Amino acid sequence: TPSRGEGQCLPAIEASLCGLPVIATNHSGHTMFLKDNEQERNSYLVNIDKLSKVAPGAMHVNYWDGQVFPELTIEKFLSDFGKAMRTVYENYSEAQSRNERLKELLKLRHSMSAASGRMKTRLDEIWKSVRKQ
């Protein structure tokens with residue numbers, strides 16, 4: 001998924017859990033769980049091109065004015081993304097292996113029970129600090 005910036009990147013999560021290898025931009029929140037480095041390889045990440053500010057009024061929502069996003073339009077980015085797609089196609093068993101690692105990580109750290117466990121722990125910490133006051 002070539003993304004200019006998403007928090008969780010639900011499409012990548014859904015694709016992985018459906019058994020599809022994930023190709024995404026190496027930018028934004030999803031890089032917390034999508035990895036393509038020596039230590040962890042569970043997806044294919046493509047480096048972004050240049051960052052640009054959104055011009056005032058361009059998105060018709062003032063919140064986006066001045067926000068910085070990758071452009072994802074230069075030839076190198078488009079070429080690199082195409083190469084990643086070709087790599088997945090030509091080495092599908094490796095791509096499936098990467099996705100299996102990603103699915104395990106998602107189930108272990110990003111499942112509903114894992115997230116609710118972290119929330120409960122944090123709420124318990126807050127409650128304890130409030131009770132002390």
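## A walk through the helices and loops

Leucine 102 touches Ser16, Val22, Phe33, Leu34 and Asn42, leaving out residues up to four places away in sequence. Please keep in mind that this is a predicted model. Leucine 102 is part of helix 3, and with a relative accessible area of 0% it is buried. Serine 43 sits 59 residues from leucine 102 along the chain, yet the C-alpha atoms of the two are separated by 7.2 Å.

### Helix 3

Let us stay with the helix that holds leucine 102. Which residues of helix 3 are buried? They are Ala95, Arg98, Asn99, Leu102, Lys103, Leu105 and Leu106. Looking down the axis of helix 3, these buried residues fall within an arc of 165 degrees, so they line one face of the helix. The face turned away from that buried side carries the exposed residues Ser93 and Leu108. As for partners, the buried residues of helix 3 pack against helix 1, strand 2 and helix 2.

Arginine 98 is another residue to look for in helix 3. Is arginine 98 buried or exposed? Its relative accessible area is 9%, and the cut-off for buried is under 20%, so arginine 98 counts as buried. Setting aside neighbours within four places in sequence, arginine 98 is in contact with Asp36, Arg41, Asn42, Ser43 and Tyr44. Asn42 is also among the residues that leucine 102 touches.

### Helix 1 meets helix 3

Two packed helices are described by the angle between their axes and the distance between the axes. Helix 1, which runs over residues 10–17, packs with helix 3 at an angle of about 115 degrees, and their axes are 9 Å apart. That angle makes helix 1 roughly perpendicular to helix 3. The crossing of these two helices is left-handed. From helix 1, the contact is made by Ile13, Ser16 and Leu17, and from helix 3 by Asn99, Leu102, Lys103, Leu106 and Lys107.

### Helix 2

Helix 2 spans residues 75–90.

### Residues in the loops

The table lists how accessible four of them are.

| Residue | Relative accessibility | State |
|---|---|---|
| Serine 28 | 26% | partly exposed |
| Asparagine 37 | 29% | partly exposed |
| Threonine 73 | 47% | partly exposed |
| Leucine 72 | 8% | buried |

Serine 28 lies in the loop between strand 1 and strand 2. Its phi is near 95 degrees, a positive value in a residue other than glycine. Asparagine 37 is found in the loop between strand 1 and strand 2 as well. The C-alpha atoms of asparagine 37 and serine 93 are separated by 18 Å, with the two residues 56 apart along the chain. Serine 93 is the residue already named on the exposed face of helix 3.

Leucine 72 belongs to the loop between strand 4 (68–70) and helix 2. What is the phi of leucine 72? It is near 60 degrees, a positive value in a residue other than glycine. Threonine 73 is found in the loop between strand 4 and helix 2 too. Not counting residues up to four places away in sequence, threonine 73 touches Arg4, Asp49 and Leu78. Threonine 73 and asparagine 26 are 47 residues apart in sequence, and 15 Å apart in space from C-alpha to C-alpha.

Methods: Residues are numbered from 1 along each chain as its sequence is written. This is a predicted model: local features need pLDDT of at least 70, side-chain atom pairs count only at pLDDT 80 or more; totals for chains, interfaces and linings use all residues. Side-chain values use heavy atoms; hydrogens and water are left out. Helices (H or I, at least four residues) and strands (E, at least two) are DSSP runs, numbered from the N terminus. The expected span of a helix is 1.5 Å times one less than its number of residues. Buried means under 20% relative accessible area, exposed over 50%, partly exposed in between (1.4 Å probe, protein chains only). Contact means heavy atoms within 4.5 Å. Axes are lines fitted to C-alpha atoms, for helices over the stretch in contact, and angles run from 0 to 180 degrees between N-to-C directions. Angles under 35 degrees count as roughly parallel, over 145 as roughly antiparallel, 65 to 115 as roughly perpendicular and the rest as oblique. A crossing is left-handed if the near helix is turned anticlockwise from the far one by less than a right angle, and right-handed if clockwise. The arc is that of the directions from the helix axis to the C-beta atoms.
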